[in-house]
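Thanks, I'll keep this short.

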Amino acid sequence: MSAKPDVPEDLITVEIDGTAYRARKGEMIIQVADAAGVTIPRFCYHTKLPIAASCRMCLVEVERAPKPLPACATPVTDGMKVFTRSVRAIAAQKAVMEFLLINHPLDCPICDQGGECELQDLSLGFGSSVSRFAEKKRVVVDHDLGPLIATDMTRCIHCTRCIRFLEVIAGRKELGGIGRGEHMRIDTYVERSLRSEMSGNVIDVCPVGALTSKPFQFTARAWELREFPAIAPHDSMGSNLALHTRRGRVMRVVPRENESINEVWLSDRDRFAYQGLYAADRLKSPMIRRGDHWEEVEWDVALEFVVDGLHRALDERGPAGIGTLISPTATLEELYLANRLVRGLGGANIDHRLRQADFRDQDRAPPFPWLGQSIEDLENLDAALIVGSNVRHEQPIAAHRLRKAALRGAAIAFVNPVDFDFHFPVAHKIVAGPAGMVRSLAGIAKALGAGGDGEVPQVREFFKNVNPDQAEREIAQALRDGVRSTVLLGNLATAHPGFSVLQALAGWIAEASGATLGYLPEAANSAGAWIAGAVPHRDAGAVAVAPGAGGLDAAAMLESPPDALILFGVEPEFDCWDPAKARRAAGAAGFTVVMSPYAGDAARDYADVLLPIAAFAETSGTFVNAEGRWQGFRGACAPYGAARPGWKVLRVLGNLLGLAGFEYTSAEQVRDELHGKAGTLAPDNRSAWPDTVELPDAGAGLVRIGDVPIYGTDALVRRATALQQTEHGRDATVRIRAALAQRLGLAEAARVEVMQGDARAVLPLVVDDRVPDGCAWISAALPGSAGLGPSIGPVTLRVAS
């Protein structure tokens, strides 16, 4: 037996500044030094980006090397001796610093990067107090990169981090180096704004003040800011972020590193939506409708008014006369207390599934919509089938992980109602209308053996006339061949009128191919809402209610408005599947309570009482992300005006209504109570075949496809002015194929009248061949389409008069 310890073959010994370290073959000197805690200055090197070795600031001395070598681009070898603080290394680093400062402006006092600038920090250690450069400095003319990124390219040191980020991480080569030598500049190839939904990350990777946040520009200095950890309140990834506040006001948002979720990146929606906190229509104090005008009142008066209205509804129809629609962006604590309030009054009419139409199979739904795997696992997939999702805009961080998988060779396939643009290679795209989506999934299932002799008669009947095409067979084969495969259902699948059928087919495909079935939940707490019991047929902890004790789902409440309707964080005209019906229901309810940070014109039309609740960043709470991870956060600043945290408002209402168990003193106490009921809840996405299901017919009429744009998802982001000024913040249009426009006599039309039942809107017409035949792509959750009907349903177009 040898006394020599077993050492993995790929480990070698490297000496840095006289100390020996173990390192893996192929690692760069800078990586070994970082792991050992040895500081080497750098500008162009970034752990998440490809190596460029363009700044030369990391030059170090290596034994027997004729000149200093860049630590970021020099792989270690066994026995290598590296000197980071030798006279030769320091002289090289100081020389590089002198060249970098030759053309750099002396404008630190007015630079937004001041106080957190890498060049500023390193110049203290490696710069000189006097410049030997007496010639004229260069000046670079700035070009407008859009409403999010402010530029001062005279400060640029050509590290190329922004170029590499946009090309490699964001997947859009929107910036590049133009010119040579000191005439080189970083710019867009065609003068236009950055269009990537992740573009704000160039602010973080820029080591100097060349690229900064335009909304934050000239508003505060870095040393004036206080930092608070938080969780992104928009999509279901649960990105970790930090809120920077000054004098009780949120000034900016930056990413907080979490390798298992968002790594070090943020979507622009998560980064810039904070502007909505200070929108002009923030609700400052409680208000009660008195005839035709609104009156500001104290909280006790407003809450007594609400209690009286709820008691009237109970007297009229009992518990069935009260309904609650609550936003899936509410905190877990708010969702749980809303559930307790409704059920404490003896009812069950509560729902958060505002953009869903098909509830036929809800009793068989999973405990909560689960990704089926960790977010990290997405980048290790071999194959994926994504149904009804513009994942790049709906869940940008998930799209980033899928991009990694695709670049590694994974076969990513989509079944969508629009040919969305993705920033990674797609193996197969099936673009079909709503009926075609069902038929395409049925084709994939048939290719995997569905409808065979061993199936029950109703399944055989469903698949009898299904004949898979080549693309469907190849998708099925890729899922079957992949060691790690998944089938994911997105927002447009949830909004599909035949969601229960899509869900059943996706489950069948996953089981037959050995893939994992997963969901890409819509909002920050879509998963948490199920856990908290904010659905009519299940209580907290996903406990099914007694037979016959279930309440009305969101669609049913809007079809038959209750006597008293509570809207918690909901703007019906933007947040519901059928905005026109939702708006009518809010006005038709006998008593409408709006609990919201905002009071828009529409809310003032249909509400009887407005209660201001704290917005994101102003309250503590918990979000449950798509992988089932509970993430808590605390408020970073005081609520606006007289607003109060939503959970406190619900707690006091419970007390005033005489309900037991509403004596909470903190949000943590609410969370812990729910965790005791649901903390051991195991996610399970297994699905069953519906009792009755038919293969849909495409029909002869025109069908609307109403996705929710990236900057229309919730009340906060809809009020973020910078995001609304981007290309993705444009108002609604009607998009149809050129051939369809010709058939409908709309080829020369600039604007068309859109009709869905009694709902009308006049919108610009855009010819777009990404839309399948027989469909009109008219996005929802936008001012121009807020008065229309179902997001996915029949629609009629004619030339606007």
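Start with D235, which is buried, at a relative accessible area of 1%; that counts as buried because the cut-off is under 20%. Bear in mind that this is a predicted model.

Where does D235 lie? It sits in the loop between β10, residues 226-231, and β11, residues 240-246.

The D235 side chain has two partners I want to show. One is the backbone nitrogen of M237, which the side chain of D235 reaches at 3.0 Å. The other is the side chain of R269, with a polar contact to the D235 side chain at 3.3 Å.

Beyond its neighbours within four places in sequence, D235 is in contact with R269 again, then E394, Q395 and P396, and also E522, A523 and A524.

Now the second residue, R256. This one is in the loop between β12, residues 249-255, and α6, residues 268-272.

Is R256 buried or partly exposed? Its relative accessibility is 26%, so R256 counts as partly exposed.

For the R256 side chain, a polar atom lies 2.8 Å from the backbone oxygen of A230.

One distance to finish on: R256 and S239 are 17 residues apart in sequence, and their C-alpha atoms are 8.1 Å apart in space.

That's what I have. Questions are welcome.

Methods:
Residues are numbered from 1 along each chain as its sequence is written. This is a predicted model: local features need pLDDT of at least 70, side-chain atom pairs count only at pLDDT 80 or more; totals for chains, interfaces and linings use all residues. Side-chain values use heavy atoms; hydrogens and water are left out. Helices (H or I, at least four residues) and strands (E, at least two) are DSSP runs, numbered from the N terminus. Buried means under 20% relative accessible area, exposed over 50%, partly exposed in between (1.4 Å probe, protein chains only). A polar contact is a pair of N or O atoms within 3.5 Å; within protein, one must be able to donate a hydrogen and the other to accept it, and residues adjacent in sequence count only if both atoms are side-chain atoms. Contact means heavy atoms within 4.5 Å.
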